[in-house]
Protein chains: 4
Amino acid sequence: MFNSFGAIYRFTTFGESHGAGIGVVIDGVPAGVEFDEEFLIEELKRRRPGRNRFATPRKESDTPEILSGIFEGKTTGTPIGIWIPNRNQRSRDYSNIKDIFRPAHGDLTYFRKYGVRDYRGGGRSSARETAGRVTAGAVAKMVLREFGIKIRSGVIEIGGVRGKKVDFDHARQSPIFALDPDLEPQWIEIIDRAREEHDSVGGVVKVVIENLPVGLGEPIYYKLDGVLAGAMVGINGVKGVYIGNPDAHRLKGSQNNDQITPTGFETNNSGGVLAGISTGEKVEIEVYFKPTPSIFRPQKSIDTAGNPVMVELKGRHDPIIAVRGSVVAEAMGAVVALDMLLLNATRRLDSLKKIYQ
Amino acid sequence: MFNSFGAIYRFTTFGESHGAGIGVVIDGVPAGVEFDEEFLIEELKRRRPGRNRFATPRKESDTPEILSGIFEGKTTGTPIGIWIPNRNQRSRDYSNIKDIFRPAHGDLTYFRKYGVRDYRGGGRSSARETAGRVTAGAVAKMVLREFGIKIRSGVIEIGGVRGKKVDFDHARQSPIFALDPDLEPQWIEIIDRAREEHDSVGGVVKVVIENLPVGLGEPIYYKLDGVLAGAMVGINGVKGVYIGNPDAHRLKGSQNNDQITPTGFETNNSGGVLAGISTGEKVEIEVYFKPTPSIFRPQKSIDTAGNPVMVELKGRHDPIIAVRGSVVAEAMGAVVALDMLLLNATRRLDSLKKIYQ
Amino acid sequence: MFNSFGAIYRFTTFGESHGAGIGVVIDGVPAGVEFDEEFLIEELKRRRPGRNRFATPRKESDTPEILSGIFEGKTTGTPIGIWIPNRNQRSRDYSNIKDIFRPAHGDLTYFRKYGVRDYRGGGRSSARETAGRVTAGAVAKMVLREFGIKIRSGVIEIGGVRGKKVDFDHARQSPIFALDPDLEPQWIEIIDRAREEHDSVGGVVKVVIENLPVGLGEPIYYKLDGVLAGAMVGINGVKGVYIGNPDAHRLKGSQNNDQITPTGFETNNSGGVLAGISTGEKVEIEVYFKPTPSIFRPQKSIDTAGNPVMVELKGRHDPIIAVRGSVVAEAMGAVVALDMLLLNATRRLDSLKKIYQ
Amino acid sequence: MFNSFGAIYRFTTFGESHGAGIGVVIDGVPAGVEFDEEFLIEELKRRRPGRNRFATPRKESDTPEILSGIFEGKTTGTPIGIWIPNRNQRSRDYSNIKDIFRPAHGDLTYFRKYGVRDYRGGGRSSARETAGRVTAGAVAKMVLREFGIKIRSGVIEIGGVRGKKVDFDHARQSPIFALDPDLEPQWIEIIDRAREEHDSVGGVVKVVIENLPVGLGEPIYYKLDGVLAGAMVGINGVKGVYIGNPDAHRLKGSQNNDQITPTGFETNNSGGVLAGISTGEKVEIEVYFKPTPSIFRPQKSIDTAGNPVMVELKGRHDPIIAVRGSVVAEAMGAVVALDMLLLNATRRLDSLKKIYQ
């Protein structure tokens, strides 16, 4: 249960960053959906580090192998198994981190929890695992588009500099998935400077789900917004999340309440969710990423024996998580949207009668 | 599944705001725990509206009836059923809202989802349901204190005015659960003004879990922080959540990384969670509440036939959710902490050998 | 989780035999179903002991109180809470069993598991709890009949004497739910003799689900037959279960394979399930009940200190579980059928398109 | 959820009989357990068809590839992914069954459920999938033996001829896993005759779990016996299950009740389970397998267009499922035993205190 996500549309991942690869098993995919392998590869590319200088230049080719669940190009209703082999598995040199815990990583907590020290990179806690999430998200999108549901994302803040425009088309082709074209140069400069200074920066991602039917979300404990929040904060490096207008807690009711008209809501401060159920308006989510924990400056830590040490990391890492993270957040959003769509199909007698008659 | 929360320590609630009462069934409580009914009543009182002028003055006496699961003052390991009857169930006059949807409430989304119009107050989406959460949280605390784990909360921001001090002892006895004694008068004024203006205000709650053992949280999809985030955003009126330093996304890695020393972490920007697992430091959570949707000004809406109407609510409501909400957030934090404690007991061979031998 | 059953249509029970009552919370009921309270009371009556001399003559009036989830006579989609108070809770005299474990009961295993000795009757393991199951089954039937699905049961074997006829109409009005009218007198005699001899007898129940749509059941680990089997053997006193022709394991393939014709299957040895999925034929289940463990003869046991004792039970108990048990088995079958109906609504793209368009 | 089994120790399988292979992901394995790959291979060999003339002589080498979850020979607490490639995937000739439904197989029900016709062998419903179950069972046994728990199985009845002796040591090395050495020649003759006659036979398997601690099993809806029953009937070809003495329903209470003495139970009619909780005695289970549905005689069926056809299967199949099935049943028993062991670790305050202090 620990490594699975979702109620009906449910995926499970396995594999570690420096093991053989990352696997994902997707259960609950409705039968009869066209499987678009090209699209899956495309989505994995978006997540992949090394695609430009703003992301880790390690070569991860991320070629998914479809192991099951598809027949003659369509989903069969049986679980879809997908395997993404790790490249460059050649025995690397971990001698510098073998016995020490990197600050702000999971090294220490994994060791204390499991009593095992897998010193090879982040093991299971590595961002490598998010390839599994993006895979599950890509398959979810193949289903969602059958219903006209669309999900997009981009970066809205970097290093404390907040964007004003929200242009998803621009973000799609931006090297840093920038939502605000005007701020893109400044954001790139912030990232470049962090890299030069062997440091890293945090950022904020915006995810929007469009055309979601009214009525999705299962109150009280499987609400659309509650599940989305859990999904987002479960992503590596995410520390916070907000649904709708991120100033809501500073507003008055008279400012925040979305007035209702016969043609819809006048505003969307609610972010498309009321009482845990979709309103039919855009679902809007902000996701807050901490700066990359791997920085290339001396840091204080301890070794496995508990002695104080200075850590000096080597190698290369994205100086920002939020850029690649936006693709992961988008994927998790797609997974949640589909799961809610499926669950909601069981919630009314008249809906069920449309199927069974 | 929709109305249950938790994996091992799992509670289920039922009942509506204007029905007979609120029920909660708590499963997975370890056997042999002393049941402290006084404490439960105390906790329910803290949540109760009407305790002072900052909360709805409706009389909810919230006297819990213990229906099962306790024998000779101790938990037996069987489910604990608790029933909290609603008072004042006398047929109220709903004629003014019977056919209209209140803005920023769940009226519209519930109707669209279920095709049913239960016009009596908020029905299932009412804050009344949170009595069930507080009950489950109180029982969780009875177990947690056996392990020295403590959980506290308070309000850290109201109407955009942020507190600087964090004094949980003060909050405990403050009429508005204010964490900053210096700002308490100003915050009270903000609330009073909102009430006078028939308006409402948002706020921010801080929850802290102390003395949580290292190693709690189940990566990758049942992480401590992910589950906490889902639990918090699932609370009525909550739109956002943050684990640890809420500025993390604006910081550099060199600022945000908590340096490790033989005696612990030098700082706690992580909020006590790394890679989804507790570090042994305080778990710190911020919870963002929107302003109360019920305001007493004319608002635009539609009726059940889709015609435009002006809504004029009557009655009385807290002009702020965050105050009472802090007790609910604290309860959800306790539930998550206990659930993680139980799950973690199964995760190591050496732990299991301590039990079975 | 321990006290809940079902995936989407999911019920939770609480309460002990000599506590305040038995509660049941039913989640996942589709909105818009007419709630038939008379029918619920009728179903509870069928299960009730004391209805005739073949069942415990204790007076359990089993009047259900509907606490939530119904509005204006219809289900709202929110959880239905139902409470059935125990009568005769007056402090009984348990002195004769307070410190001893009754053979073939759960007394010993509950004590060893939980370290708690609730000596008042069976506590949670009592057949009293099955009132909760029958309640959940009755509500399931209210939904199933909207789809023309019917579920019936009766007793097909008592004390090793097997019936030849299967007449559900007769069973419905028979004092021992006898499926074979010809054997009814003999079966009654067997039961009466067991009672006179202070002994008890076992029996076999047959449950049939008619008109179940083709395609229900979720392979591989939530198959229709696997879930039915788990549901049945989880009932108090049930030791075995069989789906379809209970001689299948003695047959040859050429005898057991149901030949397929354009109008259906020529035989139904499969019991309406192939590969875990309903075939559209009748689902046929046999359920094997052990004899009532409470007999009124001296038996060897131990006390809580581990000393050997002779147990002499007092009071009255059904000398057969299978009779009342048939109503419980029927209820569990209804719950499983509905849960599968709901799950299956999510499994095909074309089904979903009928709902969302 | 459909393709996963277990609550804490939870495995998920994927893959079809004529696809690339069978995968299994095992979650919830405690950290620190020695991983015994030799043992896993050994277990898979026991299940493998083609090991002798009593099983399908197809060559399935069943070499498991360990993809994750193991580091330096021990479990790490992260999910263990295992992949078993299918051999002989070369495009076979399915022309004779491409458009027809084989009687007593899942062909028809899968098609009706999913609207998809994967005509290549049994697809997901094939016995090939049970390699995943045996894998999960083998890993469970690696943990169980740390606690001295042992699980064994064998065949106790073939073609209606019931064995009298129960010799697990003999069964282990018997070509047909025969529990009764005296009957082995007769049973072999029955199987051989069925093969010659292009027919098949049913059988009964006995599974015994030894040394299981008292107290395992979670009443009311996750009982040890209920979950075991569901696990067994979910296996391909299983139609029934019995816990304990399979004559219990024919006995009187005075015969069936196991008398309790200071040193244990005098008999074990209960099969080691009372009220859903292990008693400490041997857990004894009987599993009833139907005859192999694939027989090589003309059978009536329909094609995908609904027209009547005569089916003539080609190829080779075990004339009995129960032989290989015993290994699968044993594996499922191991999985359930471990899951219950883990769950029970969370059920008492004093147990938890042994871990957290």
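**Conventions**

I number residues from 1 along each chain as its sequence is written, and I letter chains from A and number ligands from 1 in the order in which they are written. Because the model is predicted, I take local features only at pLDDT of at least 70 and side-chain atom pairs only at pLDDT 80 or more, while totals for chains, interfaces and linings use all residues; side-chain values use heavy atoms, with hydrogens and water left out.

**Entry 1: strand E7 of chain A**

I looked up strand E7 of chain A, residues 80-85. Strands (E, at least two residues) and helices (H or I, at least four residues) are DSSP runs, numbered from the N terminus. Six of the six residues of E7(A) are buried, where buried means under 20% relative accessible area, exposed over 50%, and partly exposed in between (1.4 Å probe, protein chains only).

I noted that in a regular strand the side chains alternate between the two faces of the sheet. On E7(A), A:Ile80, A:Ile82 and A:Ile84 point one way. A:Gly81, A:Trp83 and A:Pro85 point the other way, and both sets are buried.

Next I checked the neighbours, counting two strands as paired if DSSP finds at least two bridges between them. Strand E3 of chain A (residues 21-27) pairs with E7(A) in the antiparallel sense over six bridges. In that region I find A:Val25 opposite A:Gly81. Strand E4 of chain A (residues 65-66) is joined to E7(A) by two bridges, again running antiparallel. A:Glu65 has A:Trp83 as its bridge partner in E7(A).

**Entry 2: the sheet in chain D**

In chain D I traced an open sheet of five strands in the order E1-E2-E3-E7-E4, with antiparallel pairing. Strand E1 (4-5) and strand E4 (65-66) of chain D are the edges; each has a single partner strand, so one side of each has no neighbour in the sheet. Inside the order, strand E3 (residues 21-27) and strand E7 (residues 80-85) of chain D pair antiparallel over six bridges. D:Gly21 stands opposite D:Pro85 in E7(D).

**Entry 3: chain A against chain C**

Two copies of a chain are related by a rotation about an axis and a shift along it. I superposed by least squares on the C-alpha atoms of residues with pLDDT of at least 70 in both copies. A rotation of 180° with a shift of 0.0 Å along its axis puts chain A on chain C, at RMSD 0.0 Å. The two copies are therefore related as by a two-fold rotation axis. Both copies use the same surface: 100% of the contact residues of chain A recur in chain C. Contact here means heavy atoms within 4.5 Å.

I count 27 residues from chain A and 27 residues from chain C in the contact. The two chains bury about 2500 Å² between them, 66% of it on carbon and sulfur atoms; this is the accessible area (1.4 Å probe) lost on putting the parts together, summed over both. A:Arg347, A:Leu349 and A:Tyr356 supply 28% of the area that chain A buries against chain C, more than any other three residues.

I then ran the salt-bridge rule (a side-chain nitrogen of Lys or Arg within 4 Å of a carboxyl oxygen of Asp or Glu). The rule finds two salt bridges across the interface of chain A and chain C. One of the two joins A:Lys353 to C:Glu146, with the closest N and O atoms 2.7 Å apart. Helix H8 (322-344) and helix H9 (349-355) of chain A each supply at least two residues of the side that touches chain C. H9(A) gives the most to that side, with six residues.

**Entry 4: backbone details**

Most residues other than glycine have a negative phi, and most peptide bonds are trans. Against that, I listed the peptide bond from B:Pro219 to B:Ile220, which is cis with omega near 10°. B:Ile220 sits in the loop between strand E10 (203-210) and helix H6 (224-233) of chain B. In chain C, a cis peptide bond joins C:Pro219 and C:Ile220, with omega about 10°.

B:Asn211 has a phi near 70°, a positive value in a residue other than glycine. B:Asn211 lies in the loop between E10 and H6 of chain B, and I record B:Asn211 as partly exposed because its relative accessibility is 49%.
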